[in-house]
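Thanks for coming. I have one model to go through today, so let me put it on the screen.

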Amino acid sequence: MSAAQLLEVMDLSVAIGAVRILKNVSLEVRAGEILGLVGASGSGKSMTARGIARLLPPTASCTGITRLNGQTLSSKSEAQMRAIRGRDIGMVFQEPMSALNPLMRIGDQVAETVRAHRQISDREAQHLAREMLDLVGLQGEKGALDRLPYELSGGQCQRVAIAMAVVLSPQFLIADEPTTALDVITQAQVLLLLQGLVRSRNMGMILVTHDLAVIAQLADRVAVMHQGEIVEQAPTAEILRRPRNAHSAALLAASELQPKRATTRDGGTPAVLQVRGIVREYPRRRTSLWHRPKPLRAVDGVSLSVYAGETIGLVGESGSGKSSLLRVILALERPQGGEVSLLGGALSSATGATLRRLRRSIQVVFQDPYGSFDPRWTVEQLIGEPFFLLSTPPSNVERRRKVAMVLEQVGLSAADAQRPPREFSGGERQRIAIARALITEPAVIAFDEAVSALDVLIRAQILALLADLAERLKVAYLFVSHDLNVIRAIADRVYVMQQGRIVEEGAAAAVFDSPRHAYTQALVAASPKLAIPGRLTEYLT
Amino acid sequence: MSSAARNLSLWSGAFITGAFVVVAAVAQFWTPYDPRVLSITDKLRPPSAQHWFGTDQLGRDVLSMIMQGAQTSVGVALVSVIIGMCVGVPLGLLSAARRGATDEIVMRGNDLIFAFPALLMAILITAVFGPGAINAIIAIGIFNIPVFARVTRAGALQQWIRDYTLAARVAGKDPLRISWEHILPNLLGLLVVQGAIQFSLGVIAEAGLSYVGLSAQPPIQSWGRMLNEAQTLTVLAPYLALFPGIAVLLFVLGLNLLGEGLRRRAGRSA
């Protein structure tokens, strides 16, 4: 039995209306094996995972044969499938928070999963839930069973979701982007946990992700998808070494972010952006009638400098204070201490006309390509919005000419100016956001996780565009991200932030190749790498 | 099914509401008879070819009275909704834009108005300042203010967490300008829906106030007063109560259908 296939999928095709979403997908997974399913967004990888569990939208029509451990899933009724999901197939999804019931204690949630499938006493179910939460590494948590989802971090929630997926000892696990919403260190921990479970229980697993580096760390074999078809299927090491298919090669090339060669800067020029000793505190909710609570210090004495034309990376986990710092630098919030100066002007204390003048020199690109634009405005209006900062607004002709110019600079066409943002894809929207940031010819552009929501192919294009623009326009970037590989690819110098402080700074190559601070070392170790297939670092366990 | 049902409530609501508005507009220039002219010889005629809805105890044509009553009803409800929007929407925008103390003061002020039973307060206001259409409008309008303020604030807060408001601030725009340029246009759908709902509540409130004699005074016609006068004659001439009653019911139903249809349509496009 050990050599036999645990899961066999033959000619799985899915169509919604006339649109064929999956075309004859065939794959196999052995017991104890992890199959990585990769592809650009829209390539059908999630649909394949859902097709196997028969969790397709009601309008979809599905053909093909799916066999799990000898039983044919594709001929089962929906009622039978409901019993199989959870018992024979466990599932873990991207958003751990939305997978859990926010009003139910986590112990009860795990126990409920058990009782939905087995005739078992409440006591036994609770006992099993405790065992399972121990197994996924929540044993150290005092009273873990009694906690509610909002009391847990994203990583802990994902552990609970995994506990619910494996509590009935299914033979097969489907994980759809299980770590995409988590930061690097947590991601590494969750991946290790999944890998350990698959190995120790001899389960099979399909890991759906757009991140080849995650695949490289975890999967034994890889199936590459493109437009609903599997274009290549091979052992991980082989695909990483020499991909046979053009689409796999493109995916690999886009994932292999080349470390940037540091540009040399002229000595003696003053910094364009100088941040000195910034302190930013937020009031905490009052819990006592008599004592005012101590404020939460999100940014604690941070100093950094950005020189003309240079790209600075600011790295840190969620909650490290990066976003608060960025808001102070953009003069959206005032700091409680310290000073931000831009081109010699005191930005953090400026008001009125001075503030408007300084703001022209610093612009921003946000993470979410969908939330960054007013849906009712046209691209021209959106890109032209920062013209508000000019003391004399440009004439309509001038305005149109400038918008057309920046649109072309970011690789879009001037004809796009009259269209609304909803007609553009995520990558195109990020180009529009960059165009909006360029329109006032700023000295510094801040990027807040600006490529995190994009898939690898688009991400590579946007990074190439940014490198090109920096070269041509001599604009400096302040690039905030939790993704070390991205920072490595774009930054000349790096600041590492932890709990509101800068714990390490230096040239990108030096910081990533020989990190000195323990936190940087952990980040570098946890960051998934394409190069070492099938091995997560032991450092974290 | 759902799509057809959605269209049904939207279009039937729009049709009924539209019909009443047209009737009110026509009544400005023409009614079958002049409802101010009394004709005792024609009193209490049941519905007939000459008088479709019959005549009342003073011989006035009921159809003509209802047509002019529609004017009062539409006028009072519409103006009170406009008052509620003109004051409530800016307050809600301000509240969401400023947060902090401003928000607290505005919203607690809203709570204060909400704490009073609306109709009782309207009766108090009209009793103190004298009965009349203008005072009825003011009384109903005041109670529309907190409704619009809350709806606007809730919708605005959802937009303030979106990145485009941050982008606008980086472009140097202050919160009030952002409220005007970005937030308000995106709230219009929501406000139109709430407007339809408040309109129907306004029609009921106006009928209630005029029933107790605190809204429009004679010779201005109103459905509430027609109902009041018909009350003593229910046994003799039931149609006197029937037609104004149906008018109130149908108009409110139409407005509610319209509001529901608009709400679903807004939900679908969002």
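How many residues of chain B are in contact with chain A? There are 14, and they meet 18 residues of chain A; contact here means that the C-beta atoms, placed from the backbone, lie within 7 Å. On chain B, helix H6 (163–170) and helix H7 (175–211) each supply at least two residues of that side. H6(B) gives the most, with seven residues. By class, the side of chain B that touches chain A has seven nonpolar, three polar and four charged residues. Nonpolar covers Ala, Val, Leu, Ile, Met, Phe, Trp, Tyr, Cys and Pro, charged is Asp, Glu, Lys and Arg, and the others, Gly among them, are polar.

Some bookkeeping. This is a predicted model: local features need pLDDT of at least 70, side-chain atom pairs count only at pLDDT 80 or more, and totals for chains, interfaces and linings use all residues. Residues are numbered from 1 along each chain as its sequence is written, with chains lettered from A and ligands numbered from 1 in the order in which they are written. Helices (H or I, at least four residues) and strands (E, at least two) are DSSP runs, numbered from the N terminus.

On confidence, the model scores ipTM 0.76 and pTM 0.81. Chain B has a mean pLDDT (the predictor's confidence in each residue, from 0 to 100) of 86, and 96% of its residues reach 70 or more.

Now chain A. Four strands form an open antiparallel sheet in the order S12-S11-S14-S15; strands pair if DSSP finds at least two bridges between them. Strand S12 (296–306) and strand S15 (345–346) of chain A each have a single partner strand, so one side of each is left without a neighbour in the sheet.

Note on methods
Contact = placed C-beta atoms within 7 Å.
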